[in-house]
Amino acid sequence: MKLTVPYIAGDGVGPEVTAAMRRVIDAAVAKACGPERRIDWREVPAGQAAFAQSGTYLPDGTVAAFRACGLGIKGPLATPVGGGIRSLNVQLRQELDLYVCLRPVRWFKGIASPVRHPERVDITVFRENTEDIYAGIEWESGSEGARRLYAFLHDELGVSKVRFPETSAYGVKPVSREGSERLIRAAIRYALDHGRKRVTLVHKGNIMKYTEGGFRRWGYELAQREFGAELAAGRLEMDDCITDAFLQNALLRPEDYSVVATLNLNGDYISDMLAAQVGGIGISPGANINYDTGCAIFEATHGTAPDIAGKDLANPCSNLLSGVMLLEHVGWEDAAQLIYSALERSFAEGYATRDLASLMDNGKPLGTRAFTDHLISCL
Ligand code: NAI
């Protein structure tokens, strides 16, 4: 079986980590599945290279290729701060309505961690990707839009709580029932499919009663309505936790959590905190998925690392583990498992790129290419 996978190599270290990811994945697929299975990689342009070629950062053909194949993988893309183009990552998520940001967080033996028991962390975060205060509906302080919005709030809706209306900037936080339900449904199905019992809704519904509180209420209602049999049979447990308490608990008793469903902003903070807890902030993978159309784009979670680009120093693990998630997504579990084992063995022996090896007691730093060769030899 041949699987076509469009990929964006990315900017900065993107081409280096993408080349490493492809080599390890091809070797693992060949080893686990034999010659009848292989990946047909199709590079699609995006980012600075695409702009240099065609004058556009995200050509229509690239989005069309992801849509047609229903999956793909991307390296990091540069986004200028405070002006210029808007994030290509956000653009891709919006155009393909990839409403789940999936971030599995686990520890690899050998990786240095700031906590005493990183092995207790095995949490998969479902972060809502399309709504919340992140939707980008905001008005600058002093702008005509801010003035008119405040006038509407004050005059039409009787809002008198804005402390400094003249100099306030304003943001709108849309949270819908449909948007919450599709995210929570995906988290519950994932838990059931992966033999994980507990799904925790993380929210600030104590303060934001209708938006975050709505998310919590709709989640419990959906679970009862659509997964009542699983709840009754004890195959599924739903609970919820207020975000600030969750951040403490996940640090003190991470074993209490398994699958987490949460809103966009909470999910942003939570996934990075958990990744830091396992020492994996630079190597944690991610995916953006629409579970209704099946479209899934896997991505390294770090940026373009311009300071080390082209120097054979980049750690390819975030991109590689995103590729492993892709293998799991299409059901090529054997190849995925081979790569997990190779990484475990390599890290346990201290072999890693410089960023990780420098923090290990037995660290043996390797360049990107040598580390890739080493992983292939461990398969
Ligand atoms: P960054 O993640 O590129 O770099 C932060 C630090 O981590 C740097 O010291 C870098 O050398 C190191 N680092 C990152 N990836 C590494 C790797 N694979 N191996 C070893 N070290 C690594 O974040 P920064 O500097 O804030 O952003 C640079 C550019 O990347 C910006 O244009 C930003 O918009 C973009 N970016 C893109 C993302 C994406 O496409 N998903 C995500 C985050 C940032």
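1. Starting with the helices: α6 and α7 make a right-handed crossing. Bear in mind throughout that this is a predicted model.

2. Some detail on that pair. Helix α6 covers residues 177-193 and helix α7 covers residues 212-232. Their axes come within 9 Å, with a crossing angle of roughly 45 degrees. An angle under 35 degrees would count as roughly parallel and 65 to 115 as roughly perpendicular, so α6 and α7 are oblique to each other.

3. Now for the other helix pair, α10 (residues 317-329) and α11 (residues 333-348). Here the axes come within 7 Å and cross at roughly 150 degrees. Angles over 145 degrees count as roughly antiparallel, and α10 is therefore roughly antiparallel to α11. As for handedness, α10 passes α11 in a left-handed crossing.

4. On to the ligand. Which residues come nearest to the ligand? Out of 19 residues around the ligand, they are L77, G303, A305, D307 and N315. By type, the shell splits into eight nonpolar, seven polar and four charged residues.

5. With G303, a backbone N or O atom sits 2.7 Å from a ligand oxygen. With D307, the side chain takes part: one of its N or O atoms is 2.9 Å from a ligand oxygen.

6. How much of the ligand does the protein bury? On its own the ligand exposes 810 Å², and the protein buries 63% of that area.

Definitions and conventions: Residues numbered from 1 in each chain as written. Predicted model: local features only at pLDDT ≥ 70, side-chain atom pairs only at ≥ 80, totals over all residues. Heavy atoms only, no water. Near = heavy atom within 4 Å. Polar contact = N/O pair within 3.5 Å; in protein donor to acceptor, adjacent residues only side chain to side chain. Areas by Shrake-Rupley, 256 points an atom, 1.4 Å probe, with all protein chains shown as cover. Nonpolar A, V, L, I, M, F, W, Y, C, P; charged D, E, K, R; others polar. Axes fitted to C-alpha atoms, helices over the stretch in contact; angles between N-to-C directions. Helix = DSSP H or I, 4+ residues; strand = E, 2+ residues; numbered from the N terminus. Left-handed = near helix turned anticlockwise from the far one by under 90°.
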